[in-house]
Structures are given as C-alpha cells and as structure tokens.
Amino acid sequence: MHAPVLVLSDSLKRESGSKVHHGNIQASKAVADIIRTTLGPRSMLKMLLDAGGGIVVTNDGNAILRELDVAHPAAKSMIELSRTQDEEVGDGTTSVIVLAGEMLHVAEAFLEKNYHPTVICRAYIKALEDSIAVLDKIAMSIDINDRSQVLGLVKSCIGTKFTSQFGDLIADLAIDATTTVGVDLGQGLREVDIKKYIKVEKVPGGQFEDSEVLKGVMFNKDVVAPGKMKRKIVNPRIILLDCPLEYKKGENQTNAELVREEDWEVLLKLEEEYIENICVQILKFKPDLVITEKGLSDLACHYFSKAGVSAIRRLRKTDNNRIAKACGAVIVNRPDELQESDIGTGAGLFEVKKIGDDFFSFIVDCKEPKACTVLLRGPSKDFINEVERNLQDAMSVARNIIKNPKLVPGGGATELTVSATLKQKSATIEGIEKWPYEAAAIAFEAIPRTLAQNCGVNVIRTMTALQGKHANGENAWTGIDGNTGAIADMKESKIWDSYNVKAQTFKTAIEAACMLLRIDDIVSGIKKKQAPGSGPSKPTIETEGDADNEQILPD
C-alpha cells in the first residue's frame, strides 16, 4: 500500500505562505507595540511581574522583553534581537525592535500584492548598505581624551533612562570604570572587558550620591578569625591561591585500617604536619593577606593569626581574578610553587568595613588597577536594580566610544537623514525593487515618529516639519528634543548617539526583518501527549493554519 502523497497547487501554496507571513508580521508588530512607549526621555515605565511574584519597574527595552512569555515563534525571534543588541553594543535595545517591526509592517502591503519575499529582501539589503554609507557621511569624530566630550555623549545616550534625573553621576561612574579597565592592544586598539573586570556591588542604604568607582575591588567577605586577624592593613602584600589550605582527602575513597592506638595519633600528626608545611611555605614570603578560593582549616587559621597574617577563604573565582588584576598578583595553584613575583604589592589599603548588616572587604588605592568595583547605594533594592541596568548601558556606550570614537546625531535626526537620502536614491533604482526600497526609507521614520508620540506633541505637524527640513538632504543634525518635543539642532542641544550603536541597530533590524520575511511555513515538531488507554490515532497532515492556532500533531 502506497503512503498518501499531499499535492499542493501553486496558488494554494502561495495562499498558505501569505497566511504565515501575515501571522509573523502581526506577532512582530505586537512585540514592537509593547515597548514602543519606552523610547525617549519622556517615555513611560513598565511594571513587570516576574515568576517569583516580585516586581521590576523599568523602561529598558531588553529588561522588559526578557520577562515576556510569548508563544509565537516570530515574536520569540524578535525578542532575541534586543538581546543581541544588548550583548553587542549595550544600547538601542528598544530602537532595534521598533525599527524591525516597522520594516515588516511596510512589507505587508507588497506581500498582499504578491511580491516575492526575495525581491523585498533584496531591496532591504540595498537600503541597509546605503543607510550605513549615510551614517559614515554624517558621523563626527571625537577625541576620547577630552572627558567633557565623552561625558556629553554618554549623558546623551542614557538621557532616555530613569537615572537621567540625577545629572552626571551615572555617566561619570561609567567613564571612570571603563577607562580604568581599558587595555591597550597596540596599533591604536583598546579592549574593555566590562563583564569580567567591572563588578557592580549593590548595597541598599545611604544616598544615591554616595555611589562611587573604587580604585580597586570590594567583595562581600570578612577575615576568617575577626578577633585575631587585622582588618586594616596599609600597603598589604597579597597572596592569591586557588588551592585548599586544609588536609587533602584521598582523590578516591580511601580506607585506613588501624590496629594500634598510637597509629591513630601518627595519622593525626601527619595531617597537622601537612598543613603546617603548607603554611610555612606561604609565610616565608611574609604576606599580610592570604586569599584562597577553597577552604581554610582551623589549624591553618591558627598559624596565620600567630604570624599576624589576615586570611579570607572561599572567594569566588571571578572576584579572585579581579583582585589579581587590581593589585598585580598572580593566582597560584600550589603553595610550593610560590615566587616573589606572584605576590601582589599594587594595593594601597586593605580594609574590612561593615555596611548595613554585612561585612565587606576593600582592596583599594591600587597603583594601576586593571579591574574595579562600582559601589551603588540607594534607598531600595528596586531603585538600585534600575540604576544598575542604566549603568550597564552607560558603560557599554563608553566602551563603544573607546573602540570607535564617532558620533551621529540623536533625537531621530539620523533616521530622518537616512530616510530622506534613501527616498531620493529610490528614483534611480530600476525595476520592481524600487517600491520596497522606498518603503524601507519610510520605515526609518518610525523612530522620530515614536519619539514625537512619547513627547505628547502633535505627531503629524512635527513629522511634516521635520521631513521638510530634511527633504534636500541638508540639516542632517535637525531632530526632536525628547524633553520638550521641539524641533532643534542636535549639535547645540548635545543630543548624540554612538556610531556603533546606530550601525548595529540598522544591521540587526533589517537583517532580522529579511529573515522573518523569508519564512513561508511554520512546522510544529512538538508531539501531543496521548490519553492513557487510547489506541494509535490516524496520522494527520498539519497546515500552517494549525501552527498559528498551536494545534499539535498527535503521536
């Protein structure tokens, strides 16, 4: 018996494909609409309820979308865009979703007219290349050694965030932190590893103004024996270990059979001698502070306190790496391999302070720290969490400037310039691609339009006035002042964006829109659970409509 063969006519295929396209576009628009109101300095905040019943108040696009629970695969794909943007450049997470949603929205009309998705994608990719060329033309280089210029840019980029009401503080913290951990790779290149070498320590209490960037590191640990060990050491010699300072158990299960009582004492003595031997090897280098990632026995604690050495145990590996970078120490795996060059002497002060109910160790006043800790204070946990999200964005912006010191105008001016240039260029494009290319040009206007909506001004009048100013490709720096809704020169208002962020936004949004347009079918690979006792059911053939309704194939 032959297996049944499903034959679809071309017209039926096209009809089902368009149904999927329509579903994908609607899902993408829905995601864009959720966070559309969080764009700009006068944007609305969202209150999120997480699975644990806690609340988060934020206007950070990525933080909002991370909490969303969506079923549609196209919507999931859109949410990934903001994550990509966040990991790559750390800013523009809302813009990328709004732009991608608009690109798909303007493509819908062409799909209904039976344009092939490949034609639309070709036009979009051409528009992307031309828009990056426009960015290169209007970009302005800045001197990264001029702090006031860098501060202006970082402030402008986080001006849309919750913390912008606190003046320069967050921008100052971000610049201090990123310049501290910047490493010269030669040939004019600089590497700034935010994740690895900048730790943000959040301590509720105190005023927000008490937040600072430490010239060194802090971590939530106290010395092992607080009464016997010093809690304040000036110019400490620091030894970092990642081996246990306690008796080593057998690698695999070890059974020892003792016949005489004296053997038991010998065994205990061996353990004690082993620990004493380790401590002697460490103490001959005259350290002031010993830090290990593993355990530290009572006996080792006794030897250290007797020698006047402070010790800290069970430190996180990431914290240990940061201490090594800050004070110039080398993490040692075996105490018998210690050398003078492994000892960290770059720190100016080791101190244990009590903040609230917890003890924190500070290794600060380092000579040339290549790692640092940002200490954030504030009235509540929710407040500090939002400040941290804003600080991460600010540090990413500062990192982008260090890597590529170029500015483009903010306030929707860049998008309007790109839009006007592409509209002019569309007249020179021949063939069927001309119309989708022009539609892509119009889609760029979604950013300034959303900004105008969030300012509460008359959108149509404002957009018409802006389009008039940009029509001939001049006035590239004219945009919307997000605070007042007035049309202003972005250079004078100091509303700027980082070139890297803008370029990445355009690339991610357009390439993602092309990918979603190329999808013409959604096939479910999830099996439906059968009711117990029921026999094997008849196989069914699933269509795209079922995928939309989430009807799932039975076994």
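Which element gives the largest share of the lining of the second largest pocket? Keep that in mind while we look around this predicted model.

**Stop 1: the largest nonpolar core.** Select Ile97, Met103, Tyr124 and Leu517. Of the 55 residues in this core, these four touch the most other members. Now colour the elements that each give it two or more residues: α1 (10-35), α2 (61-66), α3 (73-88), α4 (93-112), α5 (117-138), α13 (413-426), α14 (434-443) and α18 (499-517). A second, separate core has 44 residues, including Ile142, Val150, Ala174 and Ile401.

**Stop 2: Tyr124.** Zoom in on this tyrosine and skip its neighbours within four places in sequence. Its remaining contacts are Met103, Val106, Ala107, Pro436, Ala440, Ile510, Ala513, Cys514 and Leu517.

Stop 3: Select Asp86, Ile194, Lys195, Gln392 and Ser396, which lie nearest the pocket's centre out of 23 lining residues. Its volume is about 620 Å³. By class, the lining has 14 charged, 5 nonpolar and 4 polar residues. Elements giving two or more residues to this lining are α2, α3, α8 (194-197), β6 (198-204) and α12 (381-403).

And the opening question? Select α12: with 7 residues, α12 gives the largest share of the lining.

Definitions and conventions: Residues numbered from 1 in each chain as written. Predicted model: local features only at pLDDT ≥ 70, side-chain atom pairs only at ≥ 80, totals over all residues. Heavy atoms only, no water. Core = buried A, V, L, I, M, F, W, Y, C linked by side-chain atoms within 4.5 Å. Buried < 20%, exposed > 50% of the residue type's maximum accessible area, 1.4 Å probe, protein only. Helix = DSSP H or I, 4+ residues; strand = E, 2+ residues; numbered from the N terminus. Contact = heavy atoms within 4.5 Å. 1 Å grid on protein atoms, 1.4 Å probe; cavity = no way out; pocket = protein on both sides within 12 Å on 5 of 7 lines; lining within 4 Å. Points joined across faces, edges and corners; volume = space filled by probe spheres on them. Nonpolar A, V, L, I, M, F, W, Y, C, P; charged D, E, K, R; others polar.
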